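Here is a short briefing on one protein chain. Look at the sequence and the 3D view first, then read the points below.

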Amino acid sequence: MINEWNCKSSISNISKKWKKDRPIETEENLNIILYNCQCLSTHIVDIEILLSTHTPQIIILTGVGSQINNLPKFSGYYWISQKGTNSFGGVAFLLHDTINAKTINQTLDFIIIELNVQPKPIILGAIYIPPSKTIPQSLLDLYVNEPFYIFGDFNAKHTDWLCNNNNANGVQLKNWLEKTGCEMIYPAQPTSKRSSAIIDFGITYNSNGWKAEVIKEGTSDHYPILLQAPFSTGVNKCFRKTHWKVFTYFLKCTFPYFNSLVYNYDAEYFLDLFSSFLSSAWDRASHYIPIKKFRPPWPYYLIQLARKLNKTRKIYRKRKNYTNLTEYLYWKHLYHNEKNTYLQKKMENQLAYISQENNIWKHVHPTFHPYTPSFKGLTTDNKIIKDHNEIVNTLADHYEKHFEPPTINPNNSFHIAATQSYNEFIQLPNIPLESITLDEVEKSWKASKRKKSTDTQGLSAFLLHQLPNEYLQTLTIAFNKIALSGDVISSSKHAKVICLSKDGLYPRVDKLRPISLLSNLGKCFERIIHTRILKWCTEKGIFVDEQSGFTSVRRLQTQILSLVEDLRLTTSANNRSSLVIFVDFMSAFDRMWHPALLSTLLKLEMPIPLLKWIFQWLNGRTMSIHVGEAISRTINISVGTPQGSILAATLFRLHIHFLPSFF
């Protein structure tokens, strides 16, 4: 990145060069690992290595042993298992959380599940046949006419699948295959370390498109087999992984340049240029990884220790001498100590985070949040719409009407007076605001929650928290230029709107909740103005006792208790019934009429510079609706305040300030 920065190219060109688009979601083939672990309790490390190295969606384990009663937890995966006929038997599926499966049939050493894959579900089985047992043909016959794939340790040898000799199970299975017309899936190399035999494989109704290869890994007497299926588990989603240390270090290196740039450029142009650069630098320091690899990363040094432990264990089992035992025990002790230290440190960090009154759910269960809309389609009078472009156009039509100016009643004197005052007020020139201090910018920056949702400029609040502290000086200079002009950051007047469903996967338009994702730099400026408004409210005693919503150090429960007490006193004093009226404002933030808000704020004698800035911020707002990769046309907003701005709730609270006086 430093070399590319020093190539004497303009910031605009660098930003275009570094910009990355999210990968197009594609279909991905299913990867499975088949492994006879010969008692899982002594080979758990093998599973960790296989998961970290190959990241399969499914691991089929045979010979699980007594550990099947207490299967270990692997983050991002879940188990489906079945006990065996002896202490060395048992089979299990370890499936990624993104895989949907249900159990169809199970008996000792045998389990069948239905797997939800594309283009249609299949039957996947796991089987373990001990050396002393015969092939259970009656079980296999149940699925001959189904799309089945059964994998496991059959303990069946035959020259037809590259073994040196035949055994009874091999001959029996060979005859069954000829009788039913079924086929085999097996690798080209031996799966047993004790002999040159292939005894771990699969049987199926159709082996076309399958690939199988032996993995030279693990400490069991059997090699793991990596299987690639010809069908998909669905759309392959990706998540972004960023090297934040690289990102932060690079910004420290470029700070002197941007700090000098802010003095020479117009504030609006500088903030647009800086935002574009931050977004592209974030892309440059990031890469997209398939969802299947979304697991809390296991440190590389632990993987290396696990492999060293497996290597010394293998040598000891082969030579059986005291020197090798000592070396094996040393590495075993070291590995377990390092692993426990890592887990303990991780737990301490989680507890420290929670003890600071942060959200506990962040550490309860790491999950992947797909990059998809919260609903799959819209229900209309005629049909269900699933196409994203058609959805955004339908929503644009709805919200364009929803945010259109209200009809003025010519017979209502308040409507006429408020409209006239508003039209005159917005024609006034901008009034400079008080200068903004570095302390105000720092407090606003720290007050933002570290959310990862991106705004219209491709920035997130989490990204802004990665900025080196020196950049707060640069932002203070830019904000002061904006404040001196009494203007608003232009990019903050456009909202990227996403819709959340309030009624299932296919809601109607009126059952959606629009959420505005605003410019994060603009929100930083807004928080400074908001703090000044709250200070004015406190100094003038603006807030009324009846108001508890959107107010710090006040709780709804207190208001409810006060209401109950008023009811009790009223009924006991007069010995008669009392009437309580509950009012709910529909689309309260969305339908706030700007002239009426101005009328209220003028009555409250809000300072004119703040008042002028607020209506400069409200006037001329726009929005566009985003569903997946589809974006609607730009929509003008003539009423309301954006849900997503810290100012919205405070302005609504001031808007209804005089409401209690009517009762």
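A polar contact is a pair of N or O atoms within 3.5 Å; within protein, one atom must be able to donate a hydrogen and the other to accept it. The side chains of His494 and Ser624 form such a contact, at 3.1 Å. Keep in mind that this model is predicted.

**Overall layout**

- The protein is divided into three parts: domain 1 (30–229), domain 2 (300–368) and domain 3 (388–433 + 486–662).
- Between the C-alpha centres of domain 2 and domain 3 there are 53 Å.

**Two helices that cross**

- Two packed helices are described by the angle between their axes and the distance between the axes.
- Helix α11 covers residues 413–425, and helix α17 covers residues 594–603.
- Their axes come within 8 Å and cross at roughly 85°.
- Angles of 65 to 115 degrees count as roughly perpendicular, so α11 is roughly perpendicular to α17.
- On the α11 side, the contact is made by Phe414, Ala418, Thr419, Ser421, Tyr422 and Phe425.
- On the α17 side, His594, Pro595, Ala596, Leu598 and Ser599 take part.
- The residues of this contact divide into seven nonpolar, four polar and no charged.

**His494 and its surroundings**

- His494 lies in strand β17, which spans residues 494–501.
- Leaving aside neighbours within four places in sequence, His494 is in contact with Thr456, Leu518, Arg621, Thr622, Met623, Ser624 and Thr634.
- Ser624, one of these residues, is the partner of His494 in the 3.1 Å polar contact.

**Thr650 in a helix**

- Thr650 is found in helix α19 (residues 646–655).
- Is Thr650 buried or exposed? Its relative accessible area is 4%. Buried means under 20%, so Thr650 is buried.
- Not counting residues up to four places away in sequence, Thr650 touches His530, Ile533 and Leu534.
- With His530, the side chain of Thr650 makes a polar contact of 2.6 Å.

**Thr242 in a strand**

- Thr242 belongs to strand β13 (residues 238–242).
- Thr242 has a relative accessible area of 14% and is therefore buried.
- Which residues does Thr242 touch, not counting residues up to four places away in sequence? They are Trp282, Ala285 and Ser286.
- Thr242 and Ser286 are 44 residues apart along the chain, yet their C-alpha atoms are separated by 4.1 Å.
- A polar contact of 3.0 Å links the side chains of Thr242 and Trp282.

Terms used: Residues are numbered from 1 along each chain as its sequence is written. This is a predicted model: local features need pLDDT of at least 70, side-chain atom pairs count only at pLDDT 80 or more; totals for chains, interfaces and linings use all residues. Side-chain values use heavy atoms; hydrogens and water are left out. Domain bounds come from an automatic or database domain assignment. Axes are lines fitted to C-alpha atoms, for helices over the stretch in contact, and angles run from 0 to 180 degrees between N-to-C directions. Helices (H or I, at least four residues) and strands (E, at least two) are DSSP runs, numbered from the N terminus. Angles under 35 degrees count as roughly parallel, over 145 as roughly antiparallel, 65 to 115 as roughly perpendicular and the rest as oblique. Contact means heavy atoms within 4.5 Å. Ala, Val, Leu, Ile, Met, Phe, Trp, Tyr, Cys and Pro count as nonpolar, Asp, Glu, Lys and Arg as charged, and the others, Gly among them, as polar. Buried means under 20% relative accessible area, exposed over 50%, partly exposed in between (1.4 Å probe, protein chains only).
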